[in-house]
Each structure stands twice: as C-alpha cells, then as structure tokens.
Amino acid sequence: MEWCASLPKLELHAHLNGSIRDSTLLELTKAFIGKGVINFSEMEHIIRKYNRSLEEVFKLFDLIRILTTDHSTVTRITKEVIEDFASENVVYLELRTTPKRNDSVEMSKRSYVEAVLKGLRSVTSVDVAFIPHCEDSDRIFTPLPAINGHVRKRIFVRLLLSIDRRETTEAAMETVRLALEMRQFGVVGIDLSGNPSIGDWTTYLPALKFAREQGLCVTLHCGEVPNSKEIKNMLDFRPQRIGHACYLGDEHWRQLKSSKIPVEICLTSNVRTMTVQSIDVHHFVDLYKAKHPLVLCTDDSGVFSTCLSKEYKIAADSFGLGRREMFELSRNAVEYIFADSRVKEDLRKVFNSVAKSME
Ligand code: 5GP
C-alpha cells in the first residue's frame, strides 16, 4: 500500500460524520455510559470490529447522530478528518456535511457550519488552504523549508453542504442559502444524500435549481437503489458530478457516458452496502475502459474502515492497474473539482512535479 499512500490524491466524496476516527468514536461513546441512551457494550463491539455488516454500519450512523450534536465535537472531528486525509497525501479535499439544528445546545445550521470552519482553522499539523482567492498560487507546489528534515504537508480543503433526503423543500433552501453566504469561507457546492429510499426528487429540485442558478456546483447521490425514474431525472438535471451510480440501466449508462458527468466511485462502500455484488463486477471497469471521468473516493472512511490509499490499492489490485495508471487516475480528478481554476492550476503543478520524479 506504500506507493498508494505516497501518490498525491484528491478526495471528492467524503462525508464528515462518516469519516470519524474509531478512537474518537469510542471516546465519545464512553462519555455516554450510564445516560441510558446507548448500549455501550454493543457499540464498543461494533466500533472495534473491522468487517462491519451493513446492519452494523447503519447502527454506527445512528450512534454518530447521537454523539456529534454539539459544536465542540463537530470542530474536533473536522480537525481530525482533515489531519487524517492530509497524512496520506490527499492534496485536495472536498468535505461534505449536512448542516444540522440542535435546539438543546443552541445549534443552528449556520452555527454548525461555523463549528466546521473552526475545525478547519484549528489544524496545526499541516497547512490548510480553504479561503478562496487568498491563497498564494505559488505556495502549494513550492517546497517549504524543511525543519529537521521534515517538510510540512499542505492540503486544499473545500466544503459541500449536504441536503438530507428527509428534509423539506424549505429546509433544503435554507441549506443552499447558507452555502451561498459561506462561499467566502470555501463552500463550493451542494450535495444531495441521506437514505436513498426516502423522499422524492421533486422536493429538493427547487433548492438544487436555485443553487445552480446562483453558481454553486451540485453533486447528487445517484442510483444507490433501483429507481429508474429518479436516475433519469437526476441525469437530465446534469449535475456537475454524481456519486455511486450503481443501479443504472442501459439507457442511463448511455446518457451518463454521452453527458460526461464525472462519477465519484466508492468501492468499499458499494461492496459493504451491497449496492454492487462484488468488486470484480463493479462498474468502475466499464467506465474506466470507456475513459469516462472518474474519481476514487472513500465515502465514509471511519464507518467503512478504509482510507483513500486503501481504495487506490483495491482498485490497482482488483482491476490490474499499475502505478502510472493510478497516478493518471488521480491526476485526472483535478479537472472535476469544484474549486476555482487557480486551485486547479496549483494542483496540476503538484502532479506535474511528481510526474517528473517518476520518469
Ligand atoms: P454528515 O452529513 O452528517 O457529516 O455525514 C453523515 C451523513 O451522510 C449520513 O447521515 C447520511 O445522511 C450521509 N451519507 C453518508 N454515507 C452515505 C451514503 O453512502 N449514501 C447516502 N445516500 N448518504 C450517505
């Protein structure tokens, strides 16, 4: 896995609360012992387990929903998630999260996002660039002076605000308005996620249209369950990217391929949630052979016990791809990011300098 870890990588599909470290989850769970809310021994067993079943994965999401309800926890997990991605050479991270209200701790959707931003600012172990237009475009690829032989890592971070499929049209609109207000702090787009069996496409459409009219990028969880009509409606909407794309029929594939909408591929997540039967029949192969825009992502690195380097290793091993091919796969993802062209230019330079060292 070493060379996969050393490759520069871009993470474009990571849910904040699904990316929590196991150790943090355990610590937060312990704090709830005796409160009668959590069955600690059952949860401890699931947290310590490596190969969690689908049922256990959903139990973890329920647990996380109970644990990460205050500002300081949101700040903490944001900081840790960024540190974790940076530590495995993720040079650009688009982190997505659902802004939540929690009246009992005076949390509004806005204050939730502010807590996330506080987490971004509190990272000290790596350099985090998240404010648009303030970054010196030469900084990222000019080597910083090494201290004791150690060069500090740098990571660009951008945020996507997620609309949960349980939300109303008005709640979805609130999220989009918040995203617009927060653009100056690195919010670049909107995601539609949450239980794919819940809700109706027409509920979120006004908010998604508004987001696009206002210049925000949109990515949709698409085709996680067999719902042909919704998949078609989503592809007709022409989002900037889609996630998963597991249950597409022949006509959908044709439409997707001609539209060239980039697909965020989450291998471990798809296998674990059984939206694909097994890795060897994953649609990655078909899309890769068709040279369709693709990016490998983790989805929920904490919940699925994975990391981006592991996803690269799985793809390399399962689909017979070599180091150079994996490098190009990673490099191509620069073109699908939601950040502006200056960031893209910086990232191209990062990859160009690594390409030279590989010659
Ligand atoms: P959060 O938005 O709270 O930071 O991240 C966790 C949330 O992301 C989950 O509660 C769920 O709404 C959404 N999520 C995480 N993984 C998936 C996935 O694989 N599919 C869908 N549709 N939603 C997901």
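Strand β2 (residues 90-97) and strand β4 pair in the parallel sense over six bridges, where two strands count as paired if DSSP finds at least two bridges between them. Strands (E, at least two residues) and helices (H or I, at least four) are DSSP runs numbered from the N terminus. This is a predicted model, in which local features need pLDDT of at least 70 and side-chain atom pairs count only at pLDDT 80 or more, while totals for chains, interfaces and linings use all residues. Residues are numbered from 1 along each chain as its sequence is written.

Strand β4 covers residues 154-164, and nine of its 11 residues are buried, so it is largely enclosed by the rest of the structure. A residue is buried if 20 or more other C-beta atoms lie within 10 Å of its own, and exposed if 12 or fewer do, with partly exposed in between; C-beta atoms are placed from the backbone.

| Strand pair | Bridges | Facing residues |
|---|---|---|
| β2 and β4 | six | Tyrosine 92, phenylalanine 156 |
| β3 (127-129) and β4 | three | Valine 128, isoleucine 155 |
| β4 and β5 (187-193) | six | Isoleucine 163, leucine 192 |
| β6 (217-222) and β7 (241-244) | four | Histidine 221, glycine 243 |
| β7 and β8 (263-265) | two | Glycine 243, glutamate 264 |

Strand β4, helix α7 (residues 169-181) and β5 form a right-handed β-α-β unit. Right-handed means that, with the strands pointing away from the viewer, the path from the first strand over the helix to the second runs clockwise. The crossover from β6 through helix α9 (residues 228-237) to β7 is right-handed. Strand β7, helix α10 (residues 250-259) and β8 make a right-handed unit as well.

In helix α2 (residues 22-30), Leu25, Leu28 and Thr29 are buried. They lie on the same side of α2, because they cover an arc of only 100 degrees around the axis, taken from the directions from the helix axis to the C-beta atoms. Ser23, Glu27 and Lys30 are exposed on the other side of α2. The buried residues of α2 pack against α3 (40-48), α4 (54-67) and α5 (71-87), with contact meaning C-beta atoms, placed from the backbone, within 7 Å.

The ligand is surrounded by 17 residues, the closest being His15, Leu16, Asn17, Thr97 and Thr98; a residue is near if its C-beta atom, placed from the backbone, lies within 6 Å. By class, this shell has three nonpolar, 10 polar and four charged residues. Ala, Val, Leu, Ile, Met, Phe, Trp, Tyr, Cys and Pro count as nonpolar, Asp, Glu, Lys and Arg as charged, and the others, Gly among them, as polar.

How values were computed. Contact = placed C-beta atoms within 7 Å.
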